[in-house]
2 protein chains.
Amino acid sequence: MKTAILSIGDELLLGEVVDTNSARIAARLADEGIATVRKLTVGDDEAGIAAALQELARGHDVVIATGGLGPTDDDVTARAAARATGRRLVLNDEAMARLKEFFARLGREMHPANGRQCLLPAKGELIPNPAGTASGFHLLLDGCLLIFLPGVPSEMAVMLEESVVSLVLARRSGRQHTRTSTLTVFGLSEAEIGARLSDIDRSRPGLGVAYCVEYPMVQVKLRATGEDETALTALLEDGAAMVRERLGDHVVAGGGETIDTVVARLFRETGMTLALAESCTGGLIAGRITAIAGSSGYFLLGAVTYSNDAKSNLLGVPGDILAEQGAVSAEVARAMARGARKLAGSDLALAVTGIAGPEGGSPDKPVGTVFIALADRAGCSAKVYHFSGDREKIRTITAITAMDWLRRRLLAYPIDR
Amino acid sequence: MKTAILSIGDELLLGEVVDTNSARIAARLADEGIATVRKLTVGDDEAGIAAALQELARGHDVVIATGGLGPTDDDVTARAAARATGRRLVLNDEAMARLKEFFARLGREMHPANGRQCLLPAKGELIPNPAGTASGFHLLLDGCLLIFLPGVPSEMAVMLEESVVSLVLARRSGRQHTRTSTLTVFGLSEAEIGARLSDIDRSRPGLGVAYCVEYPMVQVKLRATGEDETALTALLEDGAAMVRERLGDHVVAGGGETIDTVVARLFRETGMTLALAESCTGGLIAGRITAIAGSSGYFLLGAVTYSNDAKSNLLGVPGDILAEQGAVSAEVARAMARGARKLAGSDLALAVTGIAGPEGGSPDKPVGTVFIALADRAGCSAKVYHFSGDREKIRTITAITAMDWLRRRLLAYPIDR
């Protein structure tokens, strides 16, 4: 089955908005073994959208379109769908009833402009939107199923899950399936990883390997294609085992996990508790830790100590060390980690202090100089890093390196990077 | 001039990666008044890429392709470019010299796999990559300029800036320009905003208005099109003034600013200092504050107090209030804000405590219940919110509402939401 995704919106062509919808749809379909073969983006232009729908309908079995169903004048997708399929726009009673119910549930007055969102192509089937005001719909054009969803990502996502996946699956006839599995690697270059894994796909028919840099990590994507779904799962497991064997403890996550969920799981499994003391990352590490539900079970406290006073008053970093070594130093990182551990009464405490830039660098401590320290019952170790890039990049790689320290500590792996 | 963007990569069609490159390219070209009229995504398939290049070359003046120039086996874009243009792949000496220099500069050994990245279509012109190993190149096909860039976003971005923009501008002949301006709105629905602004574009020839929900905010996009660049700037300024007049203090940012940079600017301008105490947002607010360079000038300290002990020990929240009112209460939010202000010696201190879910809710304090408090010299105010959505959504809207509190406090606007 050939599926295409059509993203609609001037904001996408102007680069004002990144198109996350098409990625989410493609990923969800890929989970079901359905490959997206083309993605196309066009602007909020009725004739242009209609032409794109006709073009995609010719070469594909299913086209999923997002965007342009809102209540404002620039939303013309329903009109374009009517034009492409030679239908009229009519008031859809079911859409109107749902819209009134939606506002009643929120206890709000319906804005008259929202009424426009109930004008859909004649004989289009409604796709309910439980999360917003824009109803979706689907209809057929020359045997191709055209599906229309709003562009607001949270609304699109719930409609995809509740209605669209089953609509698409009902049209599948072929038996070819695809299953994918991703392993996240940290600390090796893409070329090095590619070289170590170069023969894996050749040695396993039906298995493909691809690489994707998600700075500062590299994702190794394994894809198995074939008719027997059980065999695909075994093939992926076999491939993942080979990757882990060749890349060792640089594989930080796999099997649907991320480095953040791995760290969360390890804290739960070990029963350890954590405190953080952040300077240059300014709360980014705490933000990653607390993004995971259940983190209150092991994360006791985070201190974002930007000023020297905060480092002294809150974490007890001695003033003479700050004066002699500077705030960005191994001694201060260690004192921050020890101070945070004492303050929180936690098993582990991790601290970072560094220069994210663009200002604040010096000849002996240039922008990108970062110290990470980890304190536990046995003591406290610290290490200096020299990262490159802009402020955002330096903060990101620092936060991920810190997450890797936690992962390695909880797995009793060496911190050798 | 008609420009198209071709994104290449199986990971994009599988939805494993969100295509930020095409948005960045489109935004940069839009800055120069060059409209992207179509974006297309295809997989890592030599024949498919070649066909897409030929298809796009027929209808456009410039095609910018990204992805598939890496050192691994799944990178086939250079071969596809050669096929589409009927050329051979040859070793490009300049690319090889640059690659050797790149590794020498890093003090690293070049991996043999990287040599593949120097095989480019014959007579293709090199586009240097100062940030990585994949050289870009450009060549002509039937009068259309084809530009090839690597898919790693940071490398693509620097090559776009240093080489591609000038290559594209050199081919521009038309005189039609587009200028855009975005205003960010918080606290009004898209329908309400659309209704208040419905006549703006009709009253100003050449001015267009579009809306984009970037939860929980709405972006109002003004676009001016015409031949006279000075007039476009005036038209945009006029439009922005009308938007501000009609939406009042709900306009949180405009003129290239974001709510985060507005808050940063206001702290700099007022000379005020800030401390934060975060529970359910777990560092997100501190992360936003410290993402802005220069934040060390006003941001003194952030406390991520997830546990009750941390709230007591660090911020001095009285144990009896925690016991009687619960950690998620107006009294605790106020005590956290006052405690953070005292600890940091700051002018302002903002605190949040709430239930982000999915666990932890109760009948009288369901998931989404959030208290925000702000302490200053004059006292401390607090307010309860009932947000809906999943953990990520509740944390995001809480953080943005907190940023809006800071904005309103620094501008002496009422906090009335």
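Is A:Phe102 buried or exposed, and what is its relative accessibility? In this predicted model, local features require pLDDT of at least 70 and side-chain atom pairs count only at pLDDT 80 or more, whereas totals for chains, interfaces and linings use all residues. Residues are numbered from 1 along each chain as its sequence is written, chains are lettered from A and ligands numbered from 1 in the order in which they are written, and side-chain values use heavy atoms, with hydrogens and water left out.

A:Phe102 counts as buried because its relative accessibility is 11%, where buried means under 20% relative accessible area, exposed over 50%, and partly exposed in between, for a 1.4 Å probe and protein chains only. A:Phe103, at 8% relative accessibility, is likewise buried. Over all chains, the structure holds 10 aromatic pairs (rings of Phe, Tyr and Trp, the last by its six-membered ring, with centres within 6.5 Å; planes under 30 degrees apart are stacked, over 60 edge-to-face, and the rest tilted). Among them is the edge-to-face pair of A:Phe102 and A:Phe103, with 5.6 Å from centre to centre and 90° between the planes.

A charge is taken to sit over a ring if NZ of Lys or CZ of Arg is within 6 Å of the ring centre and within 35 degrees of the ring normal. In chain A, A:Lys383 lies over the face of A:Tyr385 at 4.8 Å from the ring centre, and in chain B, the charged end of B:Lys383 sits over the ring of B:Tyr385, 4.8 Å from its centre.
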